[in-house]
Amino acid sequence: VVKWLIMRLRLPIACIALEVILIILFGVAVEYDHDVSGEAGHKTNTTHHDYENEFYYRYPSFQDVHVMIFIGFGFLMTFLQRYGFSSVGFNFLIAAFSLQLATLVQGFLHTIMTGGKIHVGVESMINADFCTGSVLISFGAVLGKTSPVQMLTMAVFEVILFSVNEFILLSLLNAKDAGGSMTIHTFGAYFGLMVTRVLYRPNLDKSNKKNSSVYHSDIFAMIGTLYLWMFWPSFNSAITLHGDIQHRTALNTYYSLAACTLSTYAFSALLNHEGKLDMVHIQNAALAGGVALGTAAEMMITPFGSMIVGFLAGAISVLGYRFITPFLESKLKIQDTCGVHNLHGMPGILGAIVGAITSLAATKEHYGNGLTAVFPKITSDFPASAQAGMQAISLVVTLGIALIGGIIVGFILKLPIYGAPSDSQCFEDGVYWEVYLPNCMCTNLPAFIHRVYTQK
Amino acid sequence: VVKWLIMRLRLPIACIALEVILIILFGVAVEYDHDVSGEAGHKTNTTHHDYENEFYYRYPSFQDVHVMIFIGFGFLMTFLQRYGFSSVGFNFLIAAFSLQLATLVQGFLHTIMTGGKIHVGVESMINADFCTGSVLISFGAVLGKTSPVQMLTMAVFEVILFSVNEFILLSLLNAKDAGGSMTIHTFGAYFGLMVTRVLYRPNLDKSNKKNSSVYHSDIFAMIGTLYLWMFWPSFNSAITLHGDIQHRTALNTYYSLAACTLSTYAFSALLNHEGKLDMVHIQNAALAGGVALGTAAEMMITPFGSMIVGFLAGAISVLGYRFITPFLESKLKIQDTCGVHNLHGMPGILGAIVGAITSLAATKEHYGNGLTAVFPKITSDFPASAQAGMQAISLVVTLGIALIGGIIVGFILKLPIYGAPSDSQCFEDGVYWEVYLPNCMCTNLPAFIHRVYTQK
Amino acid sequence: VVKWLIMRLRLPIACIALEVILIILFGVAVEYDHDVSGEAGHKTNTTHHDYENEFYYRYPSFQDVHVMIFIGFGFLMTFLQRYGFSSVGFNFLIAAFSLQLATLVQGFLHTIMTGGKIHVGVESMINADFCTGSVLISFGAVLGKTSPVQMLTMAVFEVILFSVNEFILLSLLNAKDAGGSMTIHTFGAYFGLMVTRVLYRPNLDKSNKKNSSVYHSDIFAMIGTLYLWMFWPSFNSAITLHGDIQHRTALNTYYSLAACTLSTYAFSALLNHEGKLDMVHIQNAALAGGVALGTAAEMMITPFGSMIVGFLAGAISVLGYRFITPFLESKLKIQDTCGVHNLHGMPGILGAIVGAITSLAATKEHYGNGLTAVFPKITSDFPASAQAGMQAISLVVTLGIALIGGIIVGFILKLPIYGAPSDSQCFEDGVYWEVYLPNCMCTNLPAFIHRVYTQK
């Protein structure tokens, strides 16, 4: 009875305890930003116009990012045939939790420099969604093999480590990473890969049949893919400086994604023995162009450069699904459910390298008076090559924190207190959800029909 | 033959007649607002810049609201297994009709004060969508049990009553209700509950099996849920004043929803005898945090306060689904298909109370010079407590008009002239739609297989 | 073996070759627009504020248009029961390709007048998406009967012809067509109809059963429909002048669509022998109101006029599905899979005529000082009637280029080098995609069950 009670109460207690702690911390430490409380408009600055409120510069981008987090990531993972409720439902739960915690942790690190309370507004909303994105990338690696309490626990640690890494990169190393090739994608992917490595399940093959798609679930997943693809320009440009920089970031990302799509279709058909396209590639690799421009999109990389990067990212990603994922699983015991290594890991590293290389051209000649806006640290004493060096160091730091952090958190998640599913319960909604009717009969139809017919 | 003709022609005649009347009234009474006709920019005011056009302040919010109305409400109701065409299709029809009528009725009431023609622009578009939202809430209560002509008739009366109630609250009582906790949610829910009470079908249990979901229909419904959840900050802030107020409204709503999501998951699992989550709760209760902040979101409620409200709203809503809905059905004979009492009714009342309480703190100390912007009526003669009193009176007025109006309209809809479906036709697309192929075989598979197999 | 290699390599080679050519041309000919490179803000103009950057005027509209192209068109075509992967997947491929090529061709024609390099920014992004929309309309006509390489080839020619026609209309004839009734809809529809005429398949009836929907595929298609419907106001207003004109264009389109929806429901039920609604009509004809206002929406057509046009467009479109599509197929041998003639063809022509008539009222009396903004060419020497004449000539030119161009391109696509599907492979994902599991058993269930059962 006690065991049954614990099983029943684990998730409710975790959710209520975490939310109560969040509420208390928000009560203690958080206040409205100037643009939110009205101090900017009504007290200090008499020439401040409504249309200069940060809200109008960023809220449409925020909403696009929000759609990517909840619809994009959520539906991308519905490709599994019997795990749709969990994919979209746990994505929802983890994201709603992570964005609150991220607001606190990112805000706290920010106030270390400035002092005072944590300020919230549309910028903190975007930054919190970015951190959440990283958690959801790791979620993609462990999808189907972890309990919701396990994932909430992972989110707690990952939000903290993400924020520390982001703080080191952006505030200490002065790296540029507006779209998060390093902070979001590389970090989230390698962190998640280490977690799933530690949680390795050698006998998962048995239920492996469920670790695949059915026809309709693949079309649901395309909803996720397309929203991620369409709104990635908003993602990369959401927290850049106003004006031409935001404009340029969106434009570069758009071209990278378009080129990436063509290379994804090309390589998907090329690597198939019948020349057919594979939905897994289309759903994922076509997005690698956005990941790979996460660092460089705000720079003067030109549409030409963006398209080359996008083309390479798509190719690398498809090749990863075809050759590296099976290798990771069989040799390194890394079971990467969604293939986040191909969509976020390798393209993230590519993006970091592209960012470092593009920084080398950070000169007055290319940027004019806009140079300081993009690279505020570059002066005669700190040349473009130094910036490029900082970008490279940032990648190494990110990989280090992600890999070590992922292993440690993996072992924490291995403790037998989270109600992790057994091997046969993996990739199965029924463990955590009330599922009505036999799932549109999409799986085990033969057995189902037999049962039904012989009952007659 | 006559009966057959009437049955065939009822919907076409209703649609054509209503649309022709609308067109004539628009021709007589409607003209462009200043910002639409260009008078503002080109005639009167030489210092008016393009970027000050109301369009740029409000159109992105309008589109988010529009998505909530057509995709959000439409897909939220596709959870029924055999009623997907009707859910999304009748939602579309009723919304397209209601927004036109609402423009006229709201505009007419507005011109009572100012005189002149009805002005249309992005603000009238948002207000019309808001009124439409209220109609769709009532639609959720009667879903599956009414004919399209019945629903169009309901919409005619509800748009008028909604607009009268809104006019009393906002223009006569000077209540604040930007996100419509009272005007939209409380009104729509209790109006709809009374209609479905009057239309009570004692023998509905027979076809009750169809009044439930299947696997894929629940995933479709999550599309609706997530769009409502993501865009609720835009909904509550769509018609607030520009600048920091709009910014604050969106921010508060966002925190309320995040906290509400965690409490929804907690209570859904807590109340299930196996500790499993229930899709109905996730789809609906997670949205209660937006409803419950519809009045107070523009006030200085702080993220802390918003999260407490959201947490309570989620809990109340899940408890409602678990305990109050069955009670309403068995004792009060209220058959509430979508559980609008839990998502809109109780959280709406909570929102009205929260708004009244928060108004008590409407002082210079908390709002600075922004006080007048949020509470234009508050002066030394009309203190915050008076405002709070007006808020409380507004709730009572709303409940009164909704309950009495709903009963009267319910009896009007009971007249045997609308082609209402028989009990066995409830929750069934085939009555109103051409349905090809046996519905992906999702229901009655045993019988279907038997038929198929014995045909061989 | 050679044949097998060609079959396997056709799509990869086409994609890689096209993308490499695009990248090279972008490298040679494209540069950032002023608002993108930062020249505007940082060099030339010291009074230029960030909020005046074109990005903030147009990016939200661009994103709405982008959603229409990828989700709207993509999901609208998923109604086919076994062609969901191809509908949404090839839509994705062709759109990603077309928007790159369109940027080049439209930009090149623009520089003929001004000289210099092709400038890219948010306006070029919108214009490229518009051209892509036209290609996707033609795609709808040939859907299910062409190979991806065939469609890419069609896109190459159609982008060029579209851009030439657009250049003649907007730059040489000074026609107004902001939402593309002529340039996008009429052109795309009649071009596609001619292509499908030349590619006529007399024996397609055999597999015709697959050329229809199933229950869930119709609900997926409604996602496409609703996004197109909701965002059409953004589409028509995306490249109009700032301020009141953009505001008015969105408003007029919104009313036209609302009226169109009611007439669609009315005529759909009216023409059905049981008075039932037909999903095909709802999915398509309800959008005709947006098409029919593509030319006139920016003019002073008033909500009254917009609603009349929308009402007519819906009626014409439903009548087209009921009477004209069967006629085109049986008598003219035009197999129009999605019925683009009813959604884009006839409503496009209606829109062109409405635009010409509305131009007749282009006087100071109706437009005030805003006249020049909408009709820059109108002077005492070039009266409103001359503008109306130019609008009419534009329709004739568009039809001419579309019809002749479509026939020529149709014959190019008839060459036996594209791997076109055989008649029995039409409307079938399995030819081009890895399809796992038996498609949710939605088709051929009897045979499937028999096979399954007898295996036991």
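Me: Does Cys338(C) count as buried or exposed, and at what relative accessibility?

Reply: This is a predicted model, and in it Cys338(C) has 12% relative accessibility, so Cys338(C) counts as buried, since buried means under 20% relative accessible area.

Me: How far is the sulfur of Cys338(C) from the closest cysteine sulfur, and in which residue does that sulfur lie?

Reply: The general idea is that a disulfide is a covalent bond between the sulfur atoms of two cysteines. Here the closest cysteine sulfur to that of Cys338(C) belongs to Cys426(C) and is 14 Å away, which is too far for a bond.

Me: How many disulfides does a search of the whole structure find?

Reply: Over all chains the search finds zero disulfides. Cys260(C), for instance, is in no disulfide, and the nearest cysteine sulfur, which belongs to Cys15(B), is 12 Å away. Cys260(C) counts as buried because its relative accessibility is 0%.

Me: Turning to charged side chains, how many salt bridges are counted over all chains?

Reply: Side chains of opposite charge can pair when their charged atoms come close. By the rule applied here, the count comes to 14 salt bridges over all chains. One of them joins the side chains of Arg82(A) and Glu428(A), with an N to O distance of 3.0 Å. That pair links distant parts of the chain, 346 residues apart, with Arg82(A) in the loop between helix H4 (54-76) and helix H5 (84-114) of chain A, and Glu428(A) in the loop between helix H17 (384-414) and helix H18 (445-455) of chain A. Both Arg82(A) and Glu428(A) are buried.

Me: Which helix holds both Glu54(B) and Arg58(B), and how many residues apart are they?

Reply: Both residues lie in helix H4 of chain B and are four residues apart, about one turn of the helix.

Me: What separates Asp244(C) and Arg248(C) in helix H10 of chain C?

Reply: Because Asp244(C) and Arg248(C) are four residues apart in helix H10 (residues 244-271) of chain C, about one helical turn separates them. The salt bridge between their side chains has an N to O distance of 3.9 Å. Asp244(C) is buried, with a relative accessible area of 7%, and Arg248(C) also counts as buried, at 1% relative accessibility.

Me: With which side chain does the side chain of Asn342(A) make a polar contact?

Reply: The partner is the side chain of Thr325(A), at 2.7 Å. Asn342(A) lies in helix H14 (residues 340-359) of chain A, and at 0% relative accessibility Asn342(A) counts as buried. Once its neighbours within four places in sequence are left aside, Asn342(A) is in contact with Ser317(A), Gly320(A), Tyr321(A), Thr325(A) and Pro347(A).

Me: How much area is buried between chain B and chain A?

Reply: The size of an interface is often given as the accessible area lost when the parts come together. Between chain B and chain A that area is about 7,100 Å², with carbon and sulfur atoms giving 73% of it. In chain B, Tyr215(B), His247(B) and Leu262(B) lose the most area to chain A, and together they account for 12% of what that side buries. The contact takes 74 residues from chain B and 81 residues from chain A. Between these two chains the count is zero salt bridges, whereas 25 residue pairs are found in polar contact across their interface. On the side of chain B that touches chain A, H10(B) gives the most, with 18 residues, and the residues of that side divide into 46 nonpolar, 20 polar and eight charged.

Me: What area do chain B and chain C bury between them, and how many residues of each are in contact?

Reply: Chain B and chain C bury about 7,100 Å² between them, 73% of it on carbon and sulfur atoms, and 81 residues of chain B are in contact with 75 residues of chain C. Zero salt bridges are counted between chain B and chain C, while 25 residue pairs are in polar contact across this interface. Helix H1 (residues 2-29) of chain B supplies the largest share of the side of chain B that touches chain C, 13 residues, and by class that side has 52 nonpolar, 18 polar and 11 charged residues.

How values were computed
Residues are numbered from 1 along each chain as its sequence is written. Chains are lettered from A and ligands numbered from 1 in the order in which they are written. This is a predicted model: local features need pLDDT of at least 70, side-chain atom pairs count only at pLDDT 80 or more; totals for chains, interfaces and linings use all residues. Side-chain values use heavy atoms; hydrogens and water are left out. Contact means heavy atoms within 4.5 Å. Buried area is the accessible area (1.4 Å probe) that two parts lose on being put together, summed over both. A salt bridge is a side-chain nitrogen of Lys or Arg within 4 Å of a carboxyl oxygen of Asp or Glu. A polar contact is a pair of N or O atoms within 3.5 Å; within protein, one must be able to donate a hydrogen and the other to accept it, and residues adjacent in sequence count only if both atoms are side-chain atoms. Helices (H or I, at least four residues) and strands (E, at least two) are DSSP runs, numbered from the N terminus. Ala, Val, Leu, Ile, Met, Phe, Trp, Tyr, Cys and Pro count as nonpolar, Asp, Glu, Lys and Arg as charged, and the others, Gly among them, as polar. A disulfide is a pair of cysteine sulfur atoms within 2.5 Å. Buried means under 20% relative accessible area, exposed over 50%, partly exposed in between (1.4 Å probe, protein chains only).
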